[in-house]
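Please look over the sequence and the structure shown below. A short report follows, arranged by topic.

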Amino acid sequence: MGGAAAVQLDGPVSLVQVSQHDTPEPPPETWGAYSKSGQESTGVIQMIDLLVKDLDKEITEAEVEEKNSQKEYEQMMSDSASKRAADMKAVGEKTREKALKEESMQVYTGVLKTAQKDLMITKQYEMNLHSECDWLRGVGFFDVRREARAQEVDNLKAAKAILSGADYSLLQGSSAGSPSTVSSRRLRH
């Protein structure tokens with residue numbers, strides 16, 4: 001339908017070919033005519049170049065920082081190994097000292113037990129001597145010892161008299177149970 005248009009008239013309808021007499025409207029305006037942009041593209045390229053330079057700078061700084069960190073890490077590991085070796089040596093020395101002290105303690109414990117046994121024996125001996133000394137000094141037994149001593153003196157006098165030739169036969173009948181009589185009887189037989 002290349003140029004045919006339907007027109008409505010008041011009368012009967014007919015198809016008539018109308019030629020184009022009117023020119024079409026121009027298209028809407030856009031950005032304008034195409035032209036090479038020299039300055040505008042240079043600005044973008046400079047910005048990209050600046051970003052690349054900044055990125056290279058950051059990468060270089062990161063590499064330097066990583067190298068420094070690696071050196072610090074290696075130094076820390078070296079220091080840690082040295083400290084660990086020193087600590088192990090100290091632990092070994094302390095273990096040896098502990099073993100020596102435990103051995104000494106066992107020896108001294110044995111010596112202590114022996115000394116305690118000796119002390120108990122000595123204290124027992126001291127108690128025995130003390131009781132003997134108390135008896136000899138007469139502590140608590142003075143009256144008993146005085147009577148025994150007097151009896152012994154009487155018996156010694158009687159024995160001396162018998163040896164001198166005295167006759168104690170009269171005394172035997174009167175005091176048959178007295179110690180002087182008993183000792184004089186022993187002397188005659």
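Glutamate 102, at 40% relative accessibility, counts as partly exposed. Both residues belong to helix 1 and sit 4 residues apart, about one turn of the helix. An α-helix has 3.6 residues a turn, so residues three or four places apart point the same way.

Lysine 83 and aspartate 87 form a salt bridge as well, and their closest N and O atoms are 3.2 Å apart. Because lysine 83 and aspartate 87 are 4 residues apart in helix 1, about one helical turn separates them. Lysine 83 is exposed, at 53% relative accessibility, while aspartate 87 is partly exposed, at 38%. The whole structure contains 2 salt bridges.

## Overall layout and surface

The chain is built from 4 helices and 2 strands. Read from the N terminus, the order of elements is β-β-α-α-α-α.

Of the 189 residues in the chain, 6% are buried. The accessible surface is about 17800 Å², and carbon and sulfur atoms account for 59% of that area. Val44, Ile48 and Val52 make a nonpolar surface patch of about 250 Å². Valine 52 is part of helix 1, which covers residues 39–137. With a relative accessibility of 42%, valine 52 counts as partly exposed.

## Helix 2

Helix 2 covers residues 142–164, a run of 23 residues. From its first C-alpha to its last, helix 2 reaches 33 Å, close to the 33 Å expected at 1.5 Å a residue.

Which residues of helix 2 are buried? They are Asn155, Ala158, Ala159, Ala161 and Ile162.

## Confidence

The average pLDDT of the chain is 79, and 67% of the residues score at least 70. Confidence is highest in helix 1, with a mean of 91, and lowest in helix 4 (residues 179–188), with a mean of 46.

Residues 173–177 have a pLDDT below 50, and this stretch has 5 contacts in the model beyond near neighbours in sequence. The pLDDT is also below 50 over residues 179–189, a stretch with 19 such contacts beyond near neighbours in sequence. Where pLDDT is low, the predicted coordinates should not be read in detail.

Technical notes:
Residues numbered from 1 in each chain as written. Predicted model: local features only at pLDDT ≥ 70, side-chain atom pairs only at ≥ 80, totals over all residues. Heavy atoms only, no water. Buried < 20%, exposed > 50% of the residue type's maximum accessible area, 1.4 Å probe, protein only. Areas by Shrake-Rupley, 256 points an atom, 1.4 Å probe, with all protein chains shown as cover. Patch = residues over 30% accessible without salt bridge, like charges linked within 9 Å, V, L, I, M, F, W, Y side chains within 5 Å. Salt bridge = Lys/Arg side-chain N within 4 Å of Asp/Glu carboxyl O. Expected span 1.5 Å × (residues − 1). pLDDT = per-residue confidence, 0-100. Contact = heavy atoms within 4.5 Å.
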